[in-house]
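Subject: Structure for your files

Hello,

Here is the structure you were waiting for. Please open it alongside this message, and the findings follow below.

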Amino acid sequence: MELASQTATAERYAREWLEQQTVAKIIEVDDEKADARKRRFSLPAAYVEVLVDQDSLNYLAPLARLVDPLPVVRDHVYHPDFGGSFSLKSILPALVPALGYDDLEIAEGETASRVLMQLVADDPTLLPAERATKREALLRYCERDTLAMVRVLSRLRELAQRT
Amino acid sequence: MPTPNDTAIETIAQRRDAFIERMLQSTRGTFDVFSLYIGVRLGFYEALAAR
């Protein structure tokens with residue numbers, strides 16, 4: 001089978017996956033009545049961007065590789081500055097000293113959760129201008145959190161290569 | 001006319017059904033993600049898109 005040889009996988013494995021993806025309505029079969037070994041499959045044009053186009057903002061394939069790095073760090077990395085905690089805020093200064101939260105208006109998770117609740121619940125005590133400021137501050141916090149994860153990950157890769 | 005008690009039972013049944021639906025959807029979603037992972041790692045999607 002074509003796909004199996006293109007991707008150097010077992011034909012049986014590729015076929016099972018193709019059939020499963022078809023049932024899950026992710027890919028399409030040209031002729032479902034054709035013999036199992038002769039069926040042709042295709043990825044709908046509309047899904048190509050989402051699954052294959054790495055430069056698109058709509059590229060969601062990496063979601064499948066989403067993992068929590070906490071166990072990796074907890075089981076393999078330690079620095080006295082962690083102070084017994086493995087939260088991002090504790091490990092970041094030790095692993096990526098250049099990056100912190102001190103310059104941000106919202107600098108830790110608890111405040112972030114509270115502000116998020118205020119915004120989501122449409123807190124009536126919040127003035128429109130305040131609301132906009134808080135939303136912006138929350139976005140900056142989320143941005144920093146994401147950047148911190150990216151930097152921690154590349155630091156972990158560095159450490160893994162060294163040992 | 002439904003008594004308050006009937007309404008309470010109905011609400012519980014509705015919430016139960018909504019929860020069942022959510023669990024089933026989540027399970028389907030989990031399979032979507034697993035099979036997506038296989039397709040990405042083995043290059044299946046890329047090969048299909050290149051056709």
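How many residues does the contact take from chain A, and how many from chain B? Chain A gives 19 residues and chain B gives 17 residues. Please keep in mind throughout that this is a predicted model.

On the side of chain A that touches chain B, four elements each supply at least two residues: α1 (2-7), α2 (11-23), β2 (41-42) and α3 (45-51). By class, that side of chain A has 12 nonpolar residues, six polar ones and one charged one.

The largest nonpolar core has 13 residues. Those with the most contacts inside this core are Leu3(A), Leu18(A), Ile27(A) and Leu43(A), together with Phe44(B), Tyr45(B) and Leu48(B). Two elements give two or more residues to the core, namely α2 of chain A and α2 (44-49) of chain B. The most comes from α2(B), which gives four residues. As general background, nonpolar side chains in soluble globular proteins tend to be buried together.

Now chain A by itself. Chain A contains seven helices and two strands, and the order from the N terminus is α-α-β-β-α-α-α-α-α. Of its 163 residues, 10% count as buried. Taking the contacts in chain A between residues at least 6 apart in sequence, 30% join residues at least 24 apart.

Two helix pairs involving α7(A) are worth a look.

The crossing of α6(A) and α7(A) is left-handed. From α6(A), the residues in the contact are Ala112(A), Val115(A), Leu116(A), Gln118(A) and Leu119(A). They meet Arg131(A), Lys134(A), Arg135(A), Leu138(A) and Tyr141(A) of α7(A). By class, the contact of α6(A) with α7(A) divides into six nonpolar residues, one polar and three charged.

Within this pair, is Val115(A) buried or exposed? Val115(A), which sits in helix α6 of chain A, is buried because 20 other C-beta atoms lie within 10 Å, and 20 or more is the cut-off for that label. Apart from residues up to four places away in sequence, Val115(A) touches Ile106(A), Lys134(A) and Leu138(A). Val115(A) and Lys134(A) are 19 residues apart along the chain, and 7.0 Å separates their C-alpha atoms.

The second pair is α5 (residues 88-95) of chain A with α7(A), packed at an angle of about 50° with axes 10 Å apart. That angle makes α5(A) oblique to α7(A), and the crossing of α5(A) and α7(A) is left-handed. Here Leu88(A), Ile91(A), Leu92(A) and Leu95(A) of α5(A) make the contact with Asp145(A), Ala148(A), Val152(A) and Arg155(A) of α7(A). The residues of this contact of α5(A) with α7(A) comprise six nonpolar, no polar and two charged.

Regards

Technical notes. Residues numbered from 1 in each chain as written. Chains lettered and ligands numbered in written order. Predicted model: local features only at pLDDT ≥ 70, side-chain atom pairs only at ≥ 80, totals over all residues. Contact = placed C-beta atoms within 7 Å. Nonpolar A, V, L, I, M, F, W, Y, C, P; charged D, E, K, R; others polar. Buried ≥ 20, exposed ≤ 12 C-beta atoms within 10 Å, placed from the backbone. Left-handed = near helix turned anticlockwise from the far one by under 90°. Core = buried A, V, L, I, M, F, W, Y, C linked by C-beta atoms within 7 Å. Axes fitted to C-alpha atoms, helices over the stretch in contact; angles between N-to-C directions. Parallel < 35°, antiparallel > 145°, perpendicular 65-115°, else oblique.
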